[in-house]
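Student: Could you walk me through this one? I have not seen it before, and I would like to take it piece by piece.
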Amino acid sequence: MKEQNRLRLERLTARYARRIAEGRTPDEADFLRSFASLRDDMLRPKMEEFAAELRRAGHEAEILLDQGHDTPSIELALGLRGAAGSRNVVGFCVIRWKGYPLQILAYLEVNPPPFDLERFADARAIEAPRVEQILMDGVEHIIMCNAP
C-alpha cells in the first residue's frame with residue numbers, strides 16, 4: 001500500500017473511532033450555526049479566490065448560496081466558456097438523511113450527475129487546506145470533463 005493511502009486510511013479510521021466513541025447526535029441548530037460560520041468564514045472566501053482566477057481566464061464563475069440540491073449550501077459554479085454542461089459546480093451542503101446524523105457534504109456536479117467528494121460530521125473538522133484541495137480537485141475534474 002502506498003504510504004499516502006496508508007496515512008489516509010489511518011486518519012479515516014481514527015475519525016470513525018472518534019465518532020463511534022462520541023455516540024451522540026449533534027443539536028441541529030448548533031450544527032447549522034457551525035455550517036453558517038464555516039460557509040461565511042472559510043468556504044466563501046476560498047471559493048472567491050477560485051472564482052477570481054477563473055474569471056481572469058475568461059470564464060463566468062460565480063458563488064451560489066442555497067441553490068444546491070440540499071440546503072443550506074454554497075457552490076462554486078465554474079461558468080466555463082464553451083461548456084455544454086448546465087451544472088458544473090463544486091459545493092458544500094448540509095445533508096439530512098433519515099436515520100443518520102446531520103453531515104456536511106462536499107460534492108461536485110458535472111453536466112450532471114452529482115458526485116460526493118467527502119462527508120464531515122463536524123464543521124470544525126473542515127480546515128482551509130482541505131477546502132482548497134477539494135476545490136482544486138473539483139475544478140480540475142470539471143474542466144477535464146468539459147475539454148474538447
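**A first look**

Tutor: This is a predicted model, and we can begin with Asp-66, which counts as partly exposed because its relative accessibility is 39%.

Student: Where is Asp-66 placed, then?

Tutor: Asp-66 sits in the loop between strand 1 and strand 2, and its phi is near 55°, which is a positive value in a residue other than glycine.

Student: OK, and which peptide bond is cis?

Tutor: The bond from Thr-71 to Pro-72 is cis, with omega near 5°, and Pro-72 lies in the loop between strand 1 and strand 2.

Student: Now the sheet: what is the order of its strands?

Tutor: It is an open sheet of five strands in the order 1-2-3-4-5, and the pairing is antiparallel. The edges are formed by strand 1 (62–65) and strand 5 (114–120), each of which pairs on one side only. On average, neighbouring strands of this sheet are turned by 20° against each other, with direction ignored.

Student: Which helix packs on the sheet?

Tutor: Helix 2, residues 28–56, packs on the sheet and touches strand 1, strand 2 (73–77), strand 3, strand 4 and strand 5, while its direction makes about 5° with that of strand 2.

Student: And what holds strands of a sheet together, in general?

Tutor: Strands of a sheet pair through backbone hydrogen bonds, in either a parallel or an antiparallel way.

Student: How many bridges are there between strand 2 and strand 3?

Tutor: Strand 2 and strand 3 pair over five bridges in the antiparallel sense, and one example is Leu-76, whose bridge partner in strand 3 is Val-90.

Student: What about strand 3 and strand 4, how many bridges join those?

Tutor: Seven bridges join strand 3 (residues 89–95) to strand 4 (residues 103–109), and the two run antiparallel. Val-89 stands opposite Glu-109 in strand 4, and Val-94 has Ile-104 as its bridge partner in that strand.

Student: And how many go from strand 4 to strand 5?

Tutor: Six bridges join strand 4 to strand 5, and these strands also run antiparallel, with Leu-108 standing opposite Phe-115 in strand 5.

Student: Why is strand 3 largely enclosed by the rest of the structure?

Tutor: Seven of the seven residues of strand 3 are buried, so the strand is largely enclosed by the rest of the structure; buried here means under 20% relative accessible area. Val-89, Gly-91, Cys-93 and Ile-95 point one way from strand 3, while Val-90, Phe-92 and Val-94 point the other way, and all are buried.

Student: Is strand 4 mostly covered or mostly uncovered?

Tutor: Strand 4 is mostly covered, with seven of its seven residues buried. Gln-103, Leu-105, Tyr-107 and Glu-109 point one way from strand 4, whereas Ile-104, Ala-106 and Leu-108 point the other way, and all are buried.

Student: Changing topic, what is the volume of the second largest pocket?

Tutor: The second largest pocket has a volume of about 160 Å³. Its lining is made of 13 residues, of which Ala-77, Gly-79, Ser-86, Arg-87 and Asn-88 lie nearest the centre of the pocket.

Student: What classes of residue does that lining of the second largest pocket have?

Tutor: By class, the lining of the second largest pocket has six nonpolar, four polar and three charged residues.

Technical notes
Residues are numbered from 1 along each chain as its sequence is written. This is a predicted model: local features need pLDDT of at least 70, side-chain atom pairs count only at pLDDT 80 or more; totals for chains, interfaces and linings use all residues. Side-chain values use heavy atoms; hydrogens and water are left out. Two strands pair if DSSP finds at least two bridges between them. Helices (H or I, at least four residues) and strands (E, at least two) are DSSP runs, numbered from the N terminus. Axes are lines fitted to C-alpha atoms, for helices over the stretch in contact, and angles run from 0 to 180 degrees between N-to-C directions. Contact means heavy atoms within 4.5 Å. Buried means under 20% relative accessible area, exposed over 50%, partly exposed in between (1.4 Å probe, protein chains only). On a 1 Å grid over the protein atoms alone, a cavity is a set of points where a 1.4 Å probe fits but cannot get out, and a pocket is an open set with protein on both sides within 12 Å along at least five of seven lines; lining residues have an atom within 4 Å of a point. Grid points are joined across faces, edges and corners, and a volume is the space filled by probe spheres set on the points. Ala, Val, Leu, Ile, Met, Phe, Trp, Tyr, Cys and Pro count as nonpolar, Asp, Glu, Lys and Arg as charged, and the others, Gly among them, as polar.
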